[in-house]
Every structure is written in structure tokens, then in C-alpha cells.
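Hi,

Here is the structure I said I would pass on.

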Amino acid sequence: MQKYLAGILLPVLCFLSPLVANAQVETTIQPSQITLAGNRIEKQPPRQIFVQTNSPIQDLRVLALDLTRRDGVTIFPASGIISNKSNWQTIRSNQIIVPLEFNLSQAPSSGEYLGNLRLTYTGGELTLPITLQIKDFWLLPLLVLFLGTGLGIIVSVYRAQGRPRDEILVRIGQLQTQMQEDIEFGKIAGFKQYIEACLIEVKMELQTEKWEQAIALLEQAETIWKRWIKGRADWLQQFNYAQELKHQLEEKNPNDLEAKAILRNLEATINNAPELETPEQFREQLEKIYQQMNQLILETQKQDLKALIAKIPLEKQNSVLSQFQKLEEKIGSEPPANFTQFKGLTAELNDLKEQVEQLDDQSSPRSGISKNPLGMGGISSPPPTHSTNSTPEITKAGVRLKLFTGTSYAIAVIFLAGAGFSQLYIDNPTFGANPWKDYFALMAWGFGAEATRDAITKVVQSWNLPGLK
């Protein structure tokens, strides 16, 4: 039985021995797949392909085919896959190394391209799957990201500083335009100077970025303007009347101390008029000044009459002295409250003065208060002002402040842009395949990152923690 089995198996083993010997060498290609990632500008190093067959390799040819982008619309041309035969390395008759070069600049656009590379030889064929992940060069995406971050910083800075300043400046411009259009308003020094002083203070507050104080001062100026507009006709009448009073007081003797005091009071009243709520309040103050002026006129006439009485003979004074004393008591006890009373007292003084003149024809009537011109000695030059040049310490402090501000923004841009560039560009091997989506995402990321940073900074600052203001 054993001899019978040996006789059967021996021929079978002899028949299979060549097949077993041939199966010892496998046909293989390494790597089994090529995946290449890069951009369209930078040159990629060549890839080495190892080919091994179970028989000597004869007439090996590398057939490159077009690669198709994943969307099926765009192709990577076969001319971008280069295999220089002079660089092939034959290790054995059945082993060879084939270098492949990929010219990614041939890609019409970024994206992921898929396809196969065929290697044909006498008696067989091998297929090598190829995947190319191509993205745009890093410079333009980085610039777009910086642009988005820069726009975010600009918006944050403008929202924090520029917008409040511009809103206030627009309101200042509107107020100044309304003031210029009102011709009569320019003649009223009190209101105009008051509002202009407020606007100067507003601009000074803007320089130090004190928005709330600037707005409060601007609202104060606008309130004064509204007060003027509301009672414009009445204000004009009262100011015209005040100018008449001022003109009369300026015509008085410069050495008259009482007239000077009333003039100073009148000027103060005119300057403080914008602080009054209504023209009626201004009128009441002018009425008091008017009464003071009438009282001054009566006192002057009374002194003139008294001096005139003193010049007539004593025997003639008795007839008018009693009348003068009664009139003097009346003026002292009953000051003129209105123009009618003033005219009545003035008429009595004039009547008594005529009687005195008739008693002494030689006495010359007083011609009233003379008008003396201003001193002709000249006006001295304005006093010298103090120098306001910056000291070296102030200059250095300004330089340090600008340097710190610029460095802070530079660091913020670098960190924000670096994080977005790493996340959206470096981690995306096909960046640029969809330009609108990819580039807009970069810009939006930079803009949103800065906006988020600014919002978080304001929240933290609102906690009033030491060192975080």
C-alpha cells in the first residue's frame, strides 16, 4: 500500500516543483500608493518607485494618465508627472527603481486630484494609485488673514475711539453751521462766546479721549443754543436794550466810579445771560441796572443843583433850600421804580434848578457831565507768555507710549494670524480648491478673532481687577 501511494505522489510532486519555484518571487510595486501634498510654487522632491517581477523586466514603460480632481471638473495633466529614464536604477534583472517627479505648477487650480500611473513591461502591467493634494502658495492666504485681522483691529479701534470722536465732531459741525447761518446770533457776544468756550472744552476732552465729559459739555452747548432759538426774538430785544445802556454808560465821565461800577455790572449780566433760563430773567436783571442808572442820574442832578444853590447869596438860599431838602428826602426814600417816576423826579429837579438860576443871573447852569476822551498815553503791549516747549522727558514718554502701542498691536496680529493660519491653511492640504470659501474663511476668522479678543478684553476690564484696566 505504501509503495502504491509513493508511486502516485512522486509524479505529482515533480510536476508542481517548477510552479513552486516560480511562486517564490512575487510581482510587487512599492509604495503601493503615492499621496503627495504641496503647493503649486514650491518644487517637490522626487519619489522612488520600486518595481519587482517574477521574471526579468524587459521594455518597462511608465504611462502617466491625467488625474481628475475630486469634483470631476478639473484635471491635472499627465505632463506634470515626469519619469526620466536616465535616472532609473536597475538592481537586478527583475528589480528596478523608477524615480517620479511631480510638477505641481501644472495644476490649473488647487484641490485633490486622483488617478493611476501604469507601468507596462513584457509579460505584465502594474498600476500605481496617485493622490495629489495641492493648495495655494502660503503668501497670499497669509496676507488675506492679516487683512482680516487688521480690519478687525481697525474696526475695534474705531468703535472704541474713532466712532465716539466722529459722532461728537459731527454734532459740533452741525451746531457751528446753525450758528453761522444765524446772522443776528453773531452779534450777541454773550451767547456766542459761551457756546464757543464750551466747544473748545469739548475738543480738549476729545484729545484725552474723555468721551463722557465731552458729550456732557456738548449737550450743555446745545442746550444754550436751543434756549436761544426758543426765545430768539425776545433775546434780541433785550440784548439791543443792553447795548443801549452800555453805550450810555461808556459816554459817562471815565472818572465816575459809580458809572464804572454799573458798567461792570452790566457787562457781567450780559456775559452771564446764557445761563439764564428765559429772556424774562435777563430783563429783570436789566431792569435793576436801569434803576441804578436812573438813581445815578438823579444823584448827579441833585449834586449839580446843590452846588448851584451854594453859589447864590445866603439871603436868597432860604427860599429854595427847604424845597431842595424835601426833594432830596424824596429821592432817597422813594428811588424810581419805573420810567414815569424817574421823569417826575427829574422834572422837579429841573424846575427847582430854574428857580435857582432866576435868583442869581450871574450863576452859570451846569452843562451836564462832560465827555472826556480816553487817555492818550497809549496802550502797552500784551504781557509776555511762558514757553510751552516739551521737555526731553515728555518727548521720551511719548516715544515709549507709541512704541508700546505699536508693539501690542503687532503681537496681537502675529498671534491671531498665526493661530488662524495654522488651523485654516496648514491643516488644509487642498486650500484654494474653493477660493471664495477658503479665502473668505481666512478673512472672517481674522476679523472675528480680533472682535472676540476686543469683547473679552472689555469684559475683563469691566471687572476692575488690578493691572487689567
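Let's start with Pro108, which sits in the loop between strand 9 (95–102) and strand 10 (111–121). With a relative accessibility of 48%, Pro108 counts as partly exposed; the cut-offs are under 20% relative accessible area for buried, over 50% for exposed and partly exposed in between, using a 1.4 Å probe and protein chains only. Leaving out residues up to four places away in sequence, Pro108 touches Arg40, Thr74, Ile75 and Tyr113, where contact means heavy atoms within 4.5 Å. Arg40 is 68 residues from Pro108 along the chain, and their C-alpha atoms are separated by 9.1 Å.

Before you go further, some housekeeping: this is a predicted model, so local features need pLDDT of at least 70 and side-chain atom pairs count only at pLDDT 80 or more, while totals for chains, interfaces and linings use all residues. Residues are numbered from 1 along each chain as its sequence is written, and side-chain values use heavy atoms, with hydrogens and water left out.

The overall numbers

The protein chain has 11 helices and 11 strands, and buried residues make up 31% of its 469 residues. Of the contacts in the chain with a separation of 6 or more, 69% are between residues 24 or more positions apart. The average pLDDT (the predictor's confidence in each residue, from 0 to 100) is 75, and 67% of the residues score at least 70. Over residues 16–23 the pLDDT is below 50, and that stretch has one contact in the model beyond near neighbours in sequence. Residues 362–389 also stay under 50 in pLDDT; for them the model has 14 contacts beyond four places in sequence.

Helix packing

Two packed helices are described by the angle between their axes and the distance between the axes. The axes are lines fitted to C-alpha atoms, for helices over the stretch in contact, and angles run from 0 to 180 degrees between N-to-C directions.

Helix 4 (residues 211–230) and helix 5 pack at about 85°, with their axes 5 Å apart. That makes helix 4 roughly perpendicular to helix 5; under 35 degrees counts as roughly parallel, over 145 as roughly antiparallel, 65 to 115 as roughly perpendicular and the rest as oblique. Helix 4 contributes Arg227, Trp228, Ile229 and Lys230 to the contact, and helix 5 contributes Arg232, Trp235 and Leu236. By class, the residues of this contact are four nonpolar, no polar and three charged. The classes are Ala, Val, Leu, Ile, Met, Phe, Trp, Tyr, Cys and Pro as nonpolar, Asp, Glu, Lys and Arg as charged, and the others, Gly among them, as polar.

Helix 5 (residues 232–250) also packs with helix 6 (residues 257–271), at an angle of about 155° and with the axes 10 Å apart. Helix 5 is therefore roughly antiparallel to helix 6. On the helix 5 side, Phe239, Ala242, Gln243, Leu245, Lys246, Leu249 and Glu250 meet Ala259, Ile262, Leu263, Leu266, Glu267 and Ile270 of helix 6. This contact has nine nonpolar, one polar and three charged residues.

Back in helix 4 there is Glu222, which counts as buried at 18% relative accessibility. Glu222 touches Arg171 and Leu175, again not counting residues up to four places away in sequence.

Ala444 belongs to helix 11 (residues 435–461) and is partly exposed, at 38% relative accessibility. Ala444 and Gly148 are 296 residues apart in sequence, yet 6.2 Å apart in space, C-alpha to C-alpha.

Most residues other than glycine have a negative phi, and most peptide bonds are trans. Which residues are joined by a cis peptide bond here? They are Gln30 and Pro31, with omega about -5°. Pro31 is in the loop between strand 1 (28–30) and strand 2 (34–39).

Asp59 has a positive phi of about 55° although it is not a glycine, and Asp59 lies in the loop between strand 3 (47–52) and strand 4 (61–64). Glu209 has a positive phi too, near 60°. Glu209 is in the loop between helix 3 (189–207) and helix 4 and is partly exposed, with a relative accessible area of 37%.

Cheers

Definitions and conventions: Helix = DSSP H or I, 4+ residues; strand = E, 2+ residues; numbered from the N terminus.
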